[in-house]
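Here are my notes on the model, point by point. Have the structure open while you read.

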Amino acid sequence: MRSFLAKRGVKEEIISFDARKIAPDIRNSVEALLQKNKKSFDPKTAKRASLAAAPLASWVRANVQFSIVLEKIGPLESEQKGLMKKVQKSQMRVENLEKALDVVEQEVAEMRCRFDKRT
């Protein structure tokens with residue numbers, strides 16, 4: 001554990017780790033490892049091994065669970081992105097129609113003014 005944490009850049013990798021990039025096959029192998037070595041990932045056992053091991057073991061378990069959640073909500077996130085694009089298009093269309101309506105209202109006002117002058 002000490003040699004792992006002593007490697008250059010390990011702490012930065014842990015801090016910047018993105019659970020969205022965990023491939024399902026990798027996650028499955030980590031889950032299998034967690035099941036196989038269940039005792040090693042127990043907080044009390046990990047703490048006896050090293051002070052850094054307990055939080056790291058919790059972090060691994062949490063990221064595996066988070067990866068599962070991300071996989072489940074993936075289709076919903078994709079749908080949300082599509083809907084947000086539609087909302088943006090609709091908002092642009094509303095803005096364009098409001099501008100066109102302003103032009104029409106201005107033309108109507110000018111025509112009324114000309115009509116009032118002639119009658």
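1. A salt bridge here means a side-chain nitrogen of Lys or Arg within 4 Å of a carboxyl oxygen of Asp or Glu. This is a predicted model: local features need pLDDT of at least 70, side-chain atom pairs count only at pLDDT 80 or more, and totals for chains, interfaces and linings use all residues. Numbering runs from 1 along each chain as its sequence is written, and side-chain values use heavy atoms, with hydrogens and water left out.

2. The structure has 2 salt bridges. In one, Glu71 meets Arg27 at 2.6 Å, N to O. That pair ties helix H5 (Glu71) to helix H3 (Arg27), 44 residues apart. Helices are DSSP runs (H or I, at least four residues), numbered from the N terminus. Arg27 counts as buried because its relative accessibility is 8%, while Glu71, at 45%, is partly exposed. The cut-offs: buried is under 20% relative accessible area, exposed over 50%, partly exposed in between (1.4 Å probe, protein chains only).

3. Arg20 and Glu77 also form a salt bridge, at 3.2 Å, N to O. Arg20 sits in the loop between helix H2 (10–15) and helix H3 (24–36), and Glu77 is in helix H5, 57 residues away. Glu77 is partly exposed, with 25% relative accessible area.

4. Have a look at Asn63 too, another helix H5 residue. With 12% relative accessibility, Asn63 counts as buried. Leaving aside residues up to four places away in sequence, Asn63 touches Phe17, Ala19 and Ile22; contact means heavy atoms within 4.5 Å.

Key. Helix = DSSP H or I, 4+ residues; strand = E, 2+ residues; numbered from the N terminus.
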